[in-house]
Each structure stands twice: as C-alpha cells, then as structure tokens.
Amino acid sequence: MTTPPPLTHIPALRGPLIEDYGLIGDLETAALVCRNGSIDWLCLPRFDSAAAFAGLLGTDDHGFWRIGPAVADSVPAPYADRRRYRGDSLIVESEWDTETGTVRVLDFMPPRNGYGPQLIRIVEGVTGTVEMTSTLAPRFSYGQLTPWIYDEDGRTAAVSGPDAVWLDTSVPGREKDGAVHHRFDVSEGGCVVFALSAESSHLPAPEVPDADAALQRTSDFWTAWAGQMTYQGPDRDVVLRSLITLKALVHPSGGVVAAPTTSLPEEIGGVRNWDYRACWLRDSALTVATLLRAGYRDEAVAWQRWLLRTLGGDPDNLQIMYRVDGGRDLPELELAHLPGYEGSRPVRIGNQAADQLQLDVPGEVIETLYLAHQNGIEHCASTKALILGLVDYVRRNWDKPDDGIWEVRGGRRHFTHSKVMCWVAADRTLRMVDAGVIETDRDALAALRAEIHQDVCTRGFDKDRNTFTQSYGSTELDASLLLLPRSGFLPADDPRVAGTVDAVRQMLEHEGLVHRYPTDGRHRGVDGLPGDEGAFLLCSFWLVDALALTGRLAEATALLGRLRDLCTDLGLLAEEYDPVAMRQLGNFPQAFSMCGLADSSMLLAELSCPAELVTVP
C-alpha cells in the first residue's frame, strides 16, 4: 500500500489517551475510569442515556469524579503505578506508590438485581499512610447542567431536573463550585468507601449500598459467568477478557451496544466522530456469534427474543440499528457545547445512519441464528417466521444499490460485500431447510442463492487484476472482501480468493494493519467525508482469518500477535489504531474489535491445535 499522508488534524496531546481508560459496568450502563483515578464518562441510567460525567469529551467542567493521592492544585493528578482487573471480573484495581505509602482503589458497578445504578469506589491502604482526595463533579445532560448539591441525613445529593445521584461515605466533605470535595488519610489495613447511587429526583432516596456485599456480589457474578466459557485453547486469558468486555455491552433486554461511548474520534481533530451507544443488528449478531463460539448460549437466547420484540412481524420495516430497548428513533444531533476529545468536533448523539439501506444486515442476522441452531438453540415458530421474512426481504431487494457495511454518506452503490451477505442469507436459510428446521420452497431458495452468486462473480470481480472489488464497476477495494473465505461464498483455495486477499493487502495495508477502504484527507472519498482515519482493527483480524484459511498460518499467527500487543494493559481495544502516532482511536472499547480478537484467536487454535484443546463449533 502507498504510504498515506499523515493525519493532518493532530494537535498536541492535552489529556489522557483513549487507552488510559478502563471499563467498568453493570450490564445496563458503563463508566470509563482513567489511570489517574478519574471517571470521565458515565451515562445514567442506561448506555444511551445522557452522560452525568462527560469530561472525556471536554474538560473537567463537563463532569468527572477523581479519587487519588493528594497533590498540589497546580500538579496534574498522578497516574497509577499499576492497575489490573481483579481476576475474571470487571472490577478495576489501581495502585499508587507514594513517598508515604501505597494505596489501592477498587472501582466497580454491581449488577443491579432490582437496585438502581451504583458506582462504588473502595480506597484501601496497602502500606504506610497516604493522603487522598476525592472530587465529585457531576454535570448532567452531557456536561451542560450543574446540579443543586445538598446534605440530607448524612448523605450528599446532587440534583438537576429529573436526575439525581446520592453519595455515601464515612469521611466528611464540603461543597464548592458545584463539586463535592473530600480530603482524608488511609493507612495500611484501612479502608474508605465512596458509593454513588442514581435515582429519579422525584423518588425517595435509594438505599445506602453495602459496599462489601456489593463487591462480593459483583465478583461472584463475573466469576460464575467466566466459568461457563468452553474454549480451552491457547491465549485463553486473552479470549476470556474479550468475552467479558463483550458481556459488559449486552443489556438485560438482549440488545447489544456497539460501544459504550460516543464521538471518540477516528481522526484526532477530525469530524469522523459517531455515537455507538446503539444496537446495530450487524454488530449485535457478530457479538452473539462470538459468545456462542465460546459456549455462551443465554446471550443468544436473549438476543433472539430482543429481535422478535424489536422487528415484530414486519421485517419489511427493517432498520440497521435500534435503541437498547428496541426503540426506532435515533435522531442525530450535534452537541455544540462540548469541545470534543482533544478538540475533535462535532460531538454527536444519535445516528442518522439508522435510516440507511444496508443489505448485508439480514445475512449477518440469519447467519447468527443458524449458528444458534448449530449450538442446540431451538427456534420457535416466530423465529422461523422472522428468518423467512428476512430472506424474502433479501429476495426483493438484493439487486438494489445500498449504503454498505461502512455506512458511507457518499451515495449508494452495488457493494460487493452486501451482495455476498445476501447470498449468505439465502445459503444459511437453505441449510436450515435441509436440516428440517424451516419449511419453505427449497427450489426457489436455491435459485435465489445461485442467482446472487452468479451476479457477484460476474459483476463484482475484476479479471484483469484477479480480485473482487469494493462495488460493481469500481476499481477500489474494501477490507470487507477479506470475509470471502470465512463466509463460504467461495472455497478458501479458490484462486480468486487468494488474489483478492493479496490485492487488499497491497492497497489497504499500512504498517502491517488494514484500513477499511481508501481515504484521502484532501478530498471527500467514497464515504462522503473529508479527512482520514486510523486502521480499522476488525479488518486486520479479518486478514488474520483470511491468511489462516488460505493456508498462510505462520503469517496469520504473526499478525495476530501484533494485534494482541495493541491491547491496553487491561486487554481492551478501541475501534481503530494509528500506527504512526501509535495510539488507539475511535469509540472504546469497541465490540467489533473485541470480537475480532476472540474469533481470530479461536480460529487459529482450531486450525493449529489438537481438537481436544478447543471447543469451537
């Protein structure tokens, strides 16, 4: 690939890197906690609710909660010397070594179990005595509203309109400038608890949390869930951490958010900033499929029920994404009051791509429902009807141009990947017909599959270059073409597959990582947007899979090792990576990237290890 121009909007670093954050959550929302002890992102009460802490996309003025060793006001908050997840959980442990001792902070959000949202921070003295500070500065409505703060019965409340949070702690504090400040000492063996609970402001105050019981309940929940993983191959810890992260994005409704954040930029200082706190059918399907491959069935059952509630009896009215609760309205708005992460504007909430036509989506949904069948999950009559409705939707629409997997805003095309996934929809449904799971006109379905296959091979393939192309009649390539061997559209040893893999690498690989499609910061490209972006991490995992399936296992293994090294110290990945600036980009953590890490690890284990070591279906 020709070396791209540098990303032109990169300013001097002004704050934490994306990879400095860790994820905690209660399955209904999530928070990001920085190495410096600051929680800079938290939406309440749900993933797609307004943020009460939005400093991630602005400054401290937009909401944060920082706990750490005391320093002078003019000195930046020190970063923890060590941090980790406690065992196989979503409990973050951060430790600071100071001149007077060592201190540990545990951050977690217990699964609700009938309670409202709780964020608990336990400060433990490890050695010596350390002076600590806590500054709680909620700013509701994405940093716009400073709350009314008052004390009641030994508790501190922060209220703004319908929103309220309650802080419980044993140490005295004071309110100043719309924030609650605490300064205290913690000595070896000592412990100070801070517990934040959220409730609607018109309701009675929530119960005071029992921090020890909540910690035990949280640890027990994650330990029990992690123990269900059936994969026992190489890099088991890496795979499990990926799966735990994915589980954190699965709402009890069955909906799966693509990421817990909005508007973390694909280019620092650029405009490619999107809200990923929604349930894309594609992303949800891929997440559920990853969990299924590792032995997790409950999430697949819950997602199937969510699909039935969300799509109802009307697949013709299909959207590509929905709200967590299955709602359809996701109007895209720009929040002008937020300066954005490192000046990356605009900050967006909602996503107008919800109205796009993306013909690959039915294929991804049906493929995951087929995988669920392979894993012993029976399909009810309503699910079978949904599958037939989706494949009929494909039958009536597959030959139309669409907006493609990448949600381009530069006009519809006949995207090759979309057509391939229409073939997948017909193929997986046909397999279920042959297995006696679904009854329909087999001959008509087989004819549809053959017609789509012929069309793609005729119109989407460039014989002169021996490669499939991004769209019919185009000379451009697209990383989604790397999915050809895994989809089963062509055998992995077909020369057209090898030619496509090589062509994609030549055009889209840079510094060993794969970009989605060509961009040129000087002009608007196929996506209709100015500027550039980092390497899309899922695409590099697709290259791992394509290399492995086409017999280049050594190359695949080396690339997987490179990608694994990009993970944060907590094992997390954002959407993209800039190999020049050597930093993560995009919303964080990203389900796509975590799926890629787990799936590629399991695939390489399946291809290179004895069968008894892995349990990948």
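Is His515 buried or exposed? In this predicted model, His515 is buried, with a relative accessible area of 9%; buried denotes under 20% relative accessible area, exposed over 50%, and partly exposed the range in between (1.4 Å probe, protein chains only). Residues are numbered from 1 along each chain as its sequence is written, and side-chain values use heavy atoms, without hydrogens and water. Because the model is predicted, local features need pLDDT of at least 70 and side-chain atom pairs count only at pLDDT 80 or more, while totals for chains, interfaces and linings use all residues.

His515 is placed in the loop between strand S23 (513–514) and strand S24 (535–536). Helices (H or I, at least four residues) and strands (E, at least two) are DSSP runs, numbered from the N terminus. The His515 side chain reaches the backbone oxygen of Gly534 at 3.5 Å.

Thr59 is found in the loop between strand S4 (51–53) and strand S5 (64–69). With 36% relative accessibility, Thr59 counts as partly exposed.

Two packed helices are described by the angle between their axes and the distance between the axes. Axes are lines fitted to C-alpha atoms, for helices over the stretch in contact, and angles run from 0 to 180 degrees between N-to-C directions. The axes of helix H4 (residues 281–293) and H6 come within 9 Å and cross at roughly 20 degrees. H4 is therefore roughly parallel to H6; angles under 35 degrees count as roughly parallel, over 145 as roughly antiparallel, 65 to 115 as roughly perpendicular and the rest as oblique. The contact (heavy atoms within 4.5 Å) involves Leu281, Arg282, Ala285, Leu286, Val288, Ala289, Leu292 and Arg293 of H4, together with Val361, Glu364, Val365, Thr368, Leu371 and Ala372 of H6. By class, these residues comprise ten nonpolar, one polar and three charged, where Ala, Val, Leu, Ile, Met, Phe, Trp, Tyr, Cys and Pro count as nonpolar, Asp, Glu, Lys and Arg as charged, and the others, Gly among them, as polar.

Helix H6 (residues 361–374) also packs with helix H7 (residues 381–397), at an angle of about 150 degrees and with the axes 10 Å apart. H6 and H7 are therefore roughly antiparallel to each other. Pro362, Val365, Ile366 and Leu369 of H6 meet Thr383, Ile387, Leu390, Val391, Tyr393 and Val394 of H7 in this contact. The contact of H6 with H7 has nine nonpolar residues, one polar residue and no charged residues.

Key
A polar contact is a pair of N or O atoms within 3.5 Å; within protein, one must be able to donate a hydrogen and the other to accept it, and residues adjacent in sequence count only if both atoms are side-chain atoms.
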